[in-house]
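Let's take a walk through this protein together, from its overall layout down to single residues. Keep the sequence and the 3D view at hand as you read.

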Amino acid sequence: MRFFIVTSILVGLCGTAPAQPASTCGDFSTYTNPQSGKSTCYLIETSWASWNEAEADCVQRGGHLASIHDDNLNSFLRNAARDAGIYDSFHIGLTDARFGSGFAWSDDSVLNYSNFGPGIPNINYGHCMYLQIQNLPGLSSGLWFNEQCDDYNLPYVCTKN
Ligand SMILES: *[C@@H]1O[C@H](CO)[C@@H](O)[C@H](O)[C@H]1NC(C)=O
């Protein structure tokens, strides 16, 4: 009897458990980097909010505004946002508004990759960052630019690890 019950529970769990990446990311989608094999959970939000509001929403959903650690992920998120109907730009998690010194990711991960536009970062434009979807002639894709944290509304992308 006990054996039967345990077996039934195991079968039930295996039968309903989604594939590994989906269960890790929950409501988020999964991106697996083809070079490093590292998976990132991401969520594209097409409604518009300020950087601060967007970060709060990402936190409520269990993540943060997107932290980006290599060119593959940067290009992937740019293309995925464009494919989701975001044509101009979206907030990412880089800011120097919270930690006192220098730019840092809102999820506290290491800043080991950047894709700043020409003359950026420039805090005269604000203390938060967005990723531009449109390419500038002769420059790399998905460049990052400064923006105001409070009064510049854009769609946004959350990530969680
Ligand atoms: C950069 O930081 C991220 C997040 O901590 C880490 O996963 C990744 O391996 C790092 N990349 C390099 C090239 O050090």
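## Overall layout

Helices (H or I, at least four residues) and strands (E, at least two) are DSSP runs, and they are numbered from the N terminus. With that in mind, Cys41 belongs to strand 2. Please remember as you look around that this is a predicted model.

The protein contains 4 helices and 8 strands. Reading from the N terminus, the elements come in the order α-α-β-β-α-β-α-β-β-β-β-β. Of the 161 residues in the protein, 32% are buried. Among contacts with a separation of 6 or more, 69% link residues 24 or more positions apart.

## Strands 1 and 2

Strand 1 (residues 29-32) and strand 2 run antiparallel and are joined by 4 bridges. Their hairpin has 6 residues between the strands, and Gly37 there adopts a positive phi near 75°. On strand 1 you will find Thr30, and the residue opposite Thr30 is Cys41 in strand 2.

Are these two residues buried or exposed? Thr30 counts as partly exposed because it has 15 C-beta neighbours inside 10 Å. Cys41 is buried, since 20 other C-beta atoms lie within 10 Å, and 20 or more is what the cut-off asks for.

Thr30 and Thr159 are 129 residues apart along the chain, yet their C-alpha atoms are separated by 9.6 Å. Cys41 and Asn161 are 120 residues apart in sequence, with 6.1 Å from C-alpha to C-alpha. Leaving out residues up to four places away in sequence, Cys41 touches Thr24, Cys25, Phe28, Thr30, Gly63, Thr159, Lys160 and Asn161.

## The nonpolar core

Which residues of the largest nonpolar core touch the most other members? This core has 30 residues, and the answer is Tyr42, Ala66, Ile92, Val157 and Cys158. At least two core residues come from each of strand 2 (39-49), helix 3 (51-60), helix 4 (71-83), strand 4 (89-95), strand 6 (128-132) and strand 8 (154-160).

Not counting residues up to four places away in sequence, Val157 is in touch with Tyr42, Leu43, Ile44, Ala66, Leu77, Ala81, Phe90 and Ile92.

## Helix 3

Helix 3 has Trp51, Ala54, Glu55 and Cys58 as its buried residues. Viewed down the helix axis, these buried residues fall within an arc of 100°, so they line one face of helix 3.

What do the buried residues of helix 3 pack against? Their partners are strand 2, strand 3 (64-65), strand 4, strand 6, strand 7 (144-147) and strand 8. After helix 3 comes Gly62, which has a positive phi near 95°.

## Strand 6 and its neighbours

Strand 6 is mostly covered, with 4 of its 5 residues buried. Strand 6 pairs with strand 4 in the antiparallel sense over 5 bridges. Strand 6 is also joined to strand 7 by 4 bridges, and this pair runs antiparallel as well.

Thr95 stands opposite Cys128, and in strand 7 the bridge partner of Cys128 is Glu147.

Most residues other than glycine have a negative phi, and most peptide bonds are trans. The loop between strand 5 (104-105) and strand 6 is where Pro121 is found. A cis peptide bond joins Ile120 and Pro121, with omega about 5°.

Asp108 lies in the loop between strand 5 and strand 6 too. Asp108 has a positive phi, near 70°, in a residue other than glycine. Asp108 counts as exposed because it has 10 C-beta neighbours inside 10 Å.

## Around the ligand

Finally, have a look at the ligand. Which residues surround the ligand? They are His69, Ser109, Val110 and Asn112. Sorted by class, this shell has 1 nonpolar residue, 3 polar residues and no charged residues.

Terms used: Residues numbered from 1 in each chain as written. Predicted model: local features only at pLDDT ≥ 70, side-chain atom pairs only at ≥ 80, totals over all residues. Near = placed C-beta within 6 Å. Nonpolar A, V, L, I, M, F, W, Y, C, P; charged D, E, K, R; others polar. Core = buried A, V, L, I, M, F, W, Y, C linked by C-beta atoms within 7 Å. Buried ≥ 20, exposed ≤ 12 C-beta atoms within 10 Å, placed from the backbone. Contact = placed C-beta atoms within 7 Å. Pairing = 2+ DSSP bridges. Arc of directions from axis to C-beta.
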